[in-house]
Amino acid sequence: MKQRLNQFILSITILSLGCVISLPVSAAEGTNTILGTKHDFTGLNQRTGVVAMSGLAFSDYGSSCVYCHIPPEQEDADSTPFGGIEGWNRFLPATEHSYDLYNSRTLDNKVKSPSPISLLCLSCHDGTMGVDMTVFRPNGWRSSEDAAMHLRINGDNNTMNCAKCHNGRVAHNIAIKHIGTDLTNDHPISMRYAGLSSKDLDFRQPDSPYGFDNGVKLYDERVECASCHNVHNPDIQVLLRDRADRLCETCHIK
Ligand code: HEC
Ligand code: HEC
Ligand code: HEC
Ligand code: HEC
Ligand code: HEC
């Protein structure tokens, strides 16, 4: 029944997409770099002139930060007893131990499971959980008024996924953002950085234990999604920390 109701709401929404209204962007949005980017879920409806996303595709918690960070008023709260990722306001993907991580004969450091800061990214980008699946909700948010479908970043066109609209026809295709749980074709993550000592001639030594002067970061001496991507800085395409042609040679000596 719930499923059918949701489908009904979705079809009404798709019908009403014909009349698109553009609202002005508030000046406050310039004050933080997340605001106005693709990770800013609160401003989404206004920005795109669509009434379909915040509140319907996913819950609007009234703050863009809480989709990743523990809400400020619960800042000392620990998400792990609730199944959260340590330090973040998101649940551990059930697939935590079943990611197929990149592996090859030449890889020095084999890894079984991604670190928390990469699990944060995967909790949305592996397509198994809704983008609004947070451990804590801000005080004052009323779950009783929640009408959202809790859609996922997943390229399969069905009522569980953003691809219901984001299929390249109703809205831009979301499939490329769906990394999935098979990471074998992606850059390796969560391995200890091979260039920490000068012994490995294929890798540069970092400028500090925290990374490189151009902004590429190491986390606990490891390479993570956030080593290459800065979700807080949209200056470079796909949120990279340096231009794609310079990014690789930050670490790799070719
Ligand atoms: C998509 C997930 C995501 C969202 C949304 C997000 N952040 Fe972050 N935030 C991160 C990540 C990942 C880091 C760590 C980045 C790093 O190490 O450079 C971070 C780091 C920070 C830091 C620095 C903490 C430190 O240790 O240096 C602050 C402050 C911060 N975020 C505030 C905010 C605020 C305020 C918002 C909302 C306007 C927000 N974030 C939204 C993912 C997010
Ligand atoms: C709360 C869910 C969520 C989390 C957590 C999250 N993302 Fe995203 N991310 C999204 C959504 C939604 C989009 C936009 C998809 C679209 O509409 O194309 C996106 C887009 C992106 C893009 C493409 C940006 C562009 O301009 O095209 C990159 C790169 C990215 N995310 C990296 C990350 C990294 C790295 C992390 C972890 C530090 C992360 N994301 C955490 C939901 C999330
Ligand atoms: C009912 C249809 C519909 C659904 C469901 C939907 N969207 Fe959208 N979305 C749109 C339309 C239409 C646009 C504006 C046109 C475009 O960007 O292709 C849009 C735009 C966006 C943008 C802004 C892109 C930019 O350039 O700033 C993001 C991010 C986004 N959607 C994320 C999501 C996520 C994440 C979900 C699932 C949780 C979702 N959408 C579900 C219709 C939808
Ligand atoms: C070694 C650097 C590096 C690491 C580590 C890395 N990425 Fe990326 N990522 C890139 C580059 C470069 C691109 C753009 C080139 C491309 O599209 O293939 C990209 C593209 C993306 C995109 C956007 C695809 C698109 O074209 O819109 C997303 C989303 C993304 N990465 C998420 C992640 C997540 C999640 C992780 C961790 C599981 C991760 N990345 C780890 C370098 C990296
Ligand atoms: C933050 C440092 C860093 C950046 C930036 C980086 N890499 Fe890597 N890369 C590594 C590390 C560390 C390994 C794993 C080496 C090992 O442990 O054997 C690796 C492994 C690889 C491998 C697999 C090699 C093998 O032995 O199987 C490829 C391919 C690769 N990187 C390509 C790239 C490309 C392309 C870029 C730019 C988009 C890039 N890397 C950016 C650190 C980095």
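Helix 3 supplies the largest share of the shell around ligand 2, four residues; helices here are DSSP runs of H or I with at least four residues, numbered from the N terminus. The model is predicted: local features require pLDDT of at least 70 and side-chain atom pairs pLDDT 80 or more, whereas totals for chains, interfaces and linings use all residues. Side-chain values use heavy atoms, without hydrogens and water, residues are numbered from 1 along each chain as its sequence is written, and chains are lettered from A and ligands numbered from 1 in the order in which they are written.

Around ligand 2 there are 20 residues (a heavy atom within 4 Å), of which His 39, Cys 121, Cys 124, His 125 and His 172 come nearest. The shell comprises 13 nonpolar, four polar and three charged residues, where Ala, Val, Leu, Ile, Met, Phe, Trp, Tyr, Cys and Pro count as nonpolar, Asp, Glu, Lys and Arg as charged, and the others, Gly among them, as polar. An N or O atom in the side chain of His 39 lies 2.7 Å from a nitrogen atom of ligand 2. For the side chain of His 125, the distance from an N or O atom to a nitrogen atom of the ligand is 2.8 Å. In the side chain of His 172, an N or O atom is 2.8 Å from an oxygen atom of ligand 2.

The iron atom of ligand 1 has His 69 (NE2) and His 232 (NE2) as its protein donors, at 2.0 Å. His 69 lies in the loop between helix 2 (44–48) and helix 3 (116–125), and His 232 in the loop between helix 4 (225–228) and helix 5 (244–251), so the pair ties together parts 163 residues apart in sequence. Donors are N, O and S atoms within 2.8 Å of the metal (3.2 Å for Na, K and Ca); water is not among the atoms, so sites may look incomplete.

How values were computed:
Helix = DSSP H or I, 4+ residues; strand = E, 2+ residues; numbered from the N terminus. Polar contact = N/O pair within 3.5 Å; in protein donor to acceptor, adjacent residues only side chain to side chain.
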